[in-house]
Amino acid sequence: MSEGVDLKELRRRMDGAIAAFKHDIASLRTGRASANVLDPVTVEAYGSRMPLNQVANITVPEPRMLSVSVWDKSMVGAVERAIRESNLGLNPIVDGQNLRIPLPELNEERRKSLVKVAHDYAEKSKVAVRHVRRDGMDDLKKAEKDGEIGQDESRAQSERVQKMTDEMISEIDRLLADKEKEIMQV
């Protein structure tokens, strides 16, 4: 007899959805500078498109400033162009092999649009968690139908899967509320 559904595997998959959500909201710009802001930037380098962090070092020397240290001096122009054309609203200042990027103040309209993006990320993560729950419930129904577990055990495991799902969704809501507060903070 099997035990029905592997709760550890479901937990791992749900944790993966939350980790992806954390990564997504980390790239959203708030009032403070974060190196993650430049994650979507790719640079034309050595005949191909490369993520910025593979051709330069990104640091945050001040709360409203990013510093990009380009490793190859010949790449400075390409990095500057990539940042300007990234639609992030950033204007780098070239200083030798370094680029200083002052972060402008976010206006109210921009803040609200960032909150909407954060809500979209949260909804995608919740859907991913619910898909994992559905897979777990399907496995339980199949195990019960095949006679591998009894009805009582199936019901008990269903409740555990639902409880785990509820915990994950409330964690996503908590992370979203924190990020929303951070974005709207002036």
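What covers the buried residues of helix α4 includes α1 and α3. This is a predicted model. Helix α3 packs against α1 with axes within 9 Å, and α3 also packs against α4 with axes 10 Å apart. A search of the whole structure finds 16 salt bridges.

**Helix α4**

- Helix α4 runs over residues 151–184.
- Its 34 residues, at 1.5 Å each, should span 50 Å; the end C-alpha atoms are 49 Å apart, so the two values agree.
- The buried residues of α4 are Ser154, Gln157, Val161, Met164, Thr165, Met168, Ile169, Ile172, Leu175, Leu176, Lys179 and Ile183.
- Helices α1 and α3 are among the elements that cover these buried residues.

**Packing of α1 on α3**

- Helix α1 covers residues 7–26 and helix α3 covers residues 108–145.
- Their axes come within 9 Å and cross at roughly 170°.
- That angle is over 145 degrees, so α1 is roughly antiparallel to α3.
- The contact residues divide into 11 nonpolar, two polar and four charged.
- On the α1 side, the contact is made by Leu10, Arg13, Met14, Ala17, Phe21, Asp24 and Ile25.
- On the α3 side, the partners include Ala118, Tyr121, Ala122, Ser125, Ala128 and Val129.
- Further along α3, Val132, Arg133, Asp135 and Gly136 also take part in the contact with α1.

**Packing of α3 on α4**

- The axes of α3 and α4 are 10 Å apart, at an angle of about 170°.
- Helix α3 is therefore roughly antiparallel to α4.
- This contact divides into 14 nonpolar, eight polar and nine charged residues.

**Ser125**

- Ser125 is found in helix α3.
- Its relative accessible area is 6%. Buried means under 20%, so Ser125 counts as buried.
- Leaving out residues up to four places away in sequence, Ser125 touches Ala17, Phe21 and Ile172.
- Ala17 and Phe21 belong to the α1 side of the contact with α3, while Ile172 is one of the buried residues of α4.

- Arg174 and Asp178 meet through their side chains in a salt bridge, 3.1 Å from N to O.
- Both lie in helix α4, four residues apart, about one turn of the helix.
- Arg174 is partly exposed, at 41% relative accessible area.
- Asp178 is partly exposed too, at 38%.
- Arg155 forms a salt bridge with Asp152, and the closest N and O atoms are 3.8 Å apart.
- Arg155 and Asp152 are three residues apart in α4, so about one helical turn separates them.
- Arg155 is partly exposed, with a relative accessible area of 46%.
- Asp152 has 60% relative accessibility and therefore counts as exposed.

**Asp135 and Arg134**

- The side chains of Asp135 and Arg134 form a salt bridge, with N to O at 3.4 Å.
- Asp135 is partly exposed, at 23% relative accessibility.
- Arg134 is also partly exposed, at 42%.

Note on methods: Residues numbered from 1 in each chain as written. Predicted model: local features only at pLDDT ≥ 70, side-chain atom pairs only at ≥ 80, totals over all residues. Heavy atoms only, no water. Axes fitted to C-alpha atoms, helices over the stretch in contact; angles between N-to-C directions. Helix = DSSP H or I, 4+ residues; strand = E, 2+ residues; numbered from the N terminus. Parallel < 35°, antiparallel > 145°, perpendicular 65-115°, else oblique. Contact = heavy atoms within 4.5 Å. Nonpolar A, V, L, I, M, F, W, Y, C, P; charged D, E, K, R; others polar. Expected span 1.5 Å × (residues − 1). Buried < 20%, exposed > 50% of the residue type's maximum accessible area, 1.4 Å probe, protein only. Salt bridge = Lys/Arg side-chain N within 4 Å of Asp/Glu carboxyl O.
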